[in-house]
Amino acid sequence: MAELRFPVPPLAGDVVLLRPWREADVPGMVSAFSDPVMRRFSWRTTPYTETDAREWLAEQEQARVRGEELNFALAGPHDQDLVLGAVSLQEVRLDQGCAAVGYWLAPEARGQGAAAHAVRLLARWAFAGLGLARLELTCGPDNEASQHVAERCGFSREGLLRSHVPFQGARRDSVIYGLLPGELR
């Protein structure tokens, strides 16, 4: 698969800017993943360390080069050093015209519309810039905040994937949402 490239200029709006991750973001990532809400919905079962964050940065860069993922730091529009969270395209299958969307927010960024703005920017670009025909989004059935973001952006709830993914030492069901071009709100 072809290497995925970050859009130039970066995707930006009045609320968020999507940019590549930097080494300087590591302490903010560790702080965000120590939040109880993040730990509740994260695959992580042990404390997230700076070593974990650095390994993830290296892994996501390798996935980008392989054409499988594109992970963005969600930054403040007027302060690129302020990391509000993340948004990503995962499971990118350009040959099939689809990918999955993922996101998370640091505690201080929640409730301000940052996730919805980031998802809209990313979806618009994925449809127009990459030519995708479908975006999918999955989350835990108890993750109401994530479901609200999906619905505010125009994703349609399509069903429940039973025992979908390994999660915190067991398996978790996932709610699946889909978004097609022209449905973005």
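Start by selecting proline 166, which lies in strand β7. The model on screen is a predicted one. At 60% relative accessibility, proline 166 counts as exposed.

**The β7–β8 hairpin**

Stay with β7 and bring in β8. These strands pair in the antiparallel sense, over eight bridges. Pick serine 156: its bridge partner in β8 is glycine 178. Then go to the turn of the hairpin, where two residues sit between the strands. Select glutamine 168 there; it takes a positive phi near 45°. Next, show the side chains of phenylalanine 167 and arginine 172. Arginine 172 lies over the face of the phenylalanine 167 ring, at 5.0 Å from the ring centre.

Now select β5 (residues 98-105) and β6 (residues 134-139). They run parallel, joined by three bridges. Cysteine 98 stands opposite arginine 134 in β6.

**Arginine 19**

Move to strand β2 and select arginine 19. Is this residue buried or exposed? Its relative accessibility is 3%, so arginine 19 counts as buried. Its side chain makes a polar contact with the side chain of aspartate 25, at 2.9 Å. Show the surroundings, leaving aside neighbours within four places in sequence. Arginine 19 is then in contact with Asp25, Phe72, Ala73, Ala75, Gln80, Asp81 and Val83.

**The aromatic pairs**

Display the aromatic side chains. How many aromatic pairs does a search of the whole structure find? It finds six.

Begin with tryptophan 21 and tryptophan 56. This pair is edge-to-face, with 5.7 Å centre to centre and 90° between the planes. It links distant parts of the chain, 35 residues apart. Tryptophan 21 is in the loop between β2 (17-19) and α1 (26-32), while tryptophan 56 is in helix α3 (residues 50-66). Tryptophan 21 has a relative accessible area of 10%, so it is buried. Tryptophan 56 is partly exposed, because its relative accessible area is 22%.

Go on to phenylalanine 72 and tryptophan 125. Their ring centres are 6.5 Å apart and their planes stand at 85°, so this pair is edge-to-face. Here too, distant parts of the chain are linked: phenylalanine 72 is in strand β3 (residues 70-76) and tryptophan 125 in helix α4 (residues 114-129), 53 residues apart. Phenylalanine 72 is buried, with a relative accessible area of 1%. Tryptophan 125 is buried as well, at 16%.

Last stop: select Trp21, Phe33, Tyr48, Trp56 and Trp104 together. They form one aromatic cluster. The cluster takes in Trp21 and Trp56, the edge-to-face pair visited above.

Notes: Residues are numbered from 1 along each chain as its sequence is written. This is a predicted model: local features need pLDDT of at least 70, side-chain atom pairs count only at pLDDT 80 or more; totals for chains, interfaces and linings use all residues. Side-chain values use heavy atoms; hydrogens and water are left out. Rings of Phe, Tyr and Trp (its six-membered ring) pair if their centres lie within 6.5 Å; planes under 30 degrees apart count as stacked, over 60 as edge-to-face and the rest as tilted. Helices (H or I, at least four residues) and strands (E, at least two) are DSSP runs, numbered from the N terminus. Buried means under 20% relative accessible area, exposed over 50%, partly exposed in between (1.4 Å probe, protein chains only). A charge sits over a ring if NZ of Lys or CZ of Arg is within 6 Å of the ring centre and within 35 degrees of the ring normal. Two strands pair if DSSP finds at least two bridges between them. A polar contact is a pair of N or O atoms within 3.5 Å; within protein, one must be able to donate a hydrogen and the other to accept it, and residues adjacent in sequence count only if both atoms are side-chain atoms. Contact means heavy atoms within 4.5 Å.
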